[in-house]
Amino acid sequence: MPSNSQIDLTSIGFKKNYLYEILATTFSMDRNLIVPNTASMGVRLVEKKSMKIWPYPNTKTYKNIESSKFVVVNLINDVYLFALASLKGSNLSKHHGVLSEKEYNYYNLNLNNTYKDFAKRIITAESINLPYLKQSWAIIVCIATNINHVFREDDFGKFKLMEIDLTVICCQKFRESFKLYNRAENLALETVVLTTKLNLAILKKEEAFIKKIKTKIDENISAIKRFGKNLSALKVIEHIQEYIKGLET
Ligand SMILES: Cc1cc2nc3c(=O)[nH]c(=O)nc-3n(C[C@H](O)[C@H](O)[C@H](O)COP(=O)(O)O)c2cc1C
């Protein structure tokens with residue numbers, strides 16, 4: 001594990017002020033057991049060792065960060081995992097369910113003096129096993145140091161986001177990745193974001209907006225199918241369709 005002073009996120013392609021779509025693994029505690037949770041989130045590298053993340057206050061990710069502070073940023077090539085980590089729900093079949101326990105490995109983080117005081121209310125041991133996704137090509141281990149709320153505006157009006165400062169503790173690259181998403185995968189990712197908005201529109205009973213988003217989702221799905229056989233993107237479509245069916249029943 002590289003020490004703090006050796007952390008160089010540019011070695012995994014991160015550039016200052018860019019926004020990256022990642023999967024954030026956080027955890028809650030059930031008695032002494034760590035219960036991992038992963039969600040698609042955007043992060044921005046602000047300084048060499050600091051990032052920001054903006055979860056909605058009602059997300060499990062935010063609640064976990066508030067209570068346990070650790071965040072593992074997973075860098076992932078497979079867009080299907082973004083769909084699984086965004087569109088969740090008990091109405092999805094097992095096949096399309098959320099990320100299960102077997103998708104995780106555990107990264108042993110030595111709680112040296114710097115983090116011991118910080119971590120002692122969560123864990124009293126010398127080290128902690130932080131969950132991360134096995135499919136990550138690299139992970140960035142962070143702790144939340146500051147939480148503020150900010151207001152943003154979109155088609156639904158003004159809404160609150162939690163703006164969280166993350167201090168990078170270490171970064172581990174498991175393998176090289178030069179992957180660039182192709183058109184089908186990019187569109188699949190965008191369609192997952194649209195589907196999370198559809199969920200919100202349905203909750204708010206915004207009929208005109210529901211119709212508009214559904215039309216866009218259908219157009220995107222047709223385009224992804226037209227682009228050809230991209231297995232990940234096609235699995236994303238299947239997941240989206242099953243998720244939407246669940247929203248409507
Ligand atoms: C590419 C992408 C980026 C996303 N970025 C965010 C984000 O920055 N903040 C947020 O609250 N939700 C974001 N979402 C939506 C969450 O992933 C989604 O609401 C998820 O169900 C939250 O899960 P949780 O409650 O387990 O934290 C994003 C979704 C996608 C597909």
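**Entry 1: the end of H1**

I started just after helix H1, where Lys69 takes a positive phi of about 70°. A reminder to myself before going on: this is a predicted model.

Next I looked at H1 itself, residues 60-68, and asked which of its residues are buried. I found Thr61, Tyr62, Asn64, Ile65 and Ser68. Looking down the axis of H1, I saw these buried residues fall within an arc of 165°, so they line one face of the helix.

What do the buried residues of H1 pack against? I noted strands E1 (19-30), E2 (33-47), E4 (70-75), E7 (138-154) and E8 (157-173).

**Entry 2: the barrel**

I then followed the strands around. Six of them close into a barrel, and I wrote the order down as E1-E2-E3-E8-E7-E4, with antiparallel pairing. On average, and ignoring direction, neighbouring strands of this sheet are turned by 45° against each other. Back to the helix for a moment: H1 packs on the sheet, where it touches E1, E2, E4, E7 and E8, and its direction makes about 60° with that of E1.

**Entry 3: pair by pair**

- E1 with E2: I counted 12 bridges in the antiparallel sense. Tyr20 has Val43 in E2 as its bridge partner. The two strands form a hairpin with two residues between them, and Arg31 in the turn has a positive phi of about 50°.
- E1 with E4: three bridges hold this antiparallel pair. Here I found Ala24 with Val73 in E4 as its bridge partner.
- E4 with E7: these run antiparallel, and six bridges join them. Asn74 stands opposite Ile139 in E7.
- E7 with E8: I noted 16 bridges, again in the antiparallel sense. His149 stands opposite Met162 in E8, and a hairpin joins the two strands through two residues.
- E3 with E8: strand E3 covers residues 50-53 and pairs with E8 in the antiparallel sense over four bridges. Ile53 stands opposite Ile164 in E8.

**Entry 4: two residues up close**

I picked Leu45 first, which sits in strand E2. Is Leu45 buried or exposed? It has 21 C-beta neighbours inside 10 Å, so I put it down as buried; the cut-off for that is 20 or more. Setting aside its neighbours within four places in sequence, I listed the contacts of Leu45 as Leu9, Phe14, Lys15, Lys16, Tyr18 and Met51.

Ala138 is buried because 21 other C-beta atoms lie within 10 Å. Which residues is Ala138 in contact with, leaving aside its neighbours within four places in sequence? I got Ile12, Leu75, Cys171, Gln172, Lys173 and Phe174. For distance, I took Ala138 and Val236, which are 98 residues apart along the chain: their C-alpha atoms are separated by 22 Å.

**Entry 5: stepping back to the domains**

Last, I zoomed out. The protein is divided into domain 1, residues 4-173, and domain 2, residues 183-248. Taken over C-alpha atoms, the centres of the two domains are separated by 25 Å. How many residues does each domain bring to the contact? I have 16 residues from domain 1 and 18 residues from domain 2.

I then asked where the side of domain 1 that touches domain 2 gets its largest share. Helix H2, residues 79-84, supplies it, with five residues. By type, the residues on that side of domain 1 divide into eight nonpolar, five polar and three charged.

How values were computed. Residues numbered from 1 in each chain as written. Predicted model: local features only at pLDDT ≥ 70, side-chain atom pairs only at ≥ 80, totals over all residues. Domains from an automatic or database assignment. Contact = placed C-beta atoms within 7 Å. Nonpolar A, V, L, I, M, F, W, Y, C, P; charged D, E, K, R; others polar. Buried ≥ 20, exposed ≤ 12 C-beta atoms within 10 Å, placed from the backbone. Arc of directions from axis to C-beta. Pairing = 2+ DSSP bridges. Axes fitted to C-alpha atoms, helices over the stretch in contact; angles between N-to-C directions.
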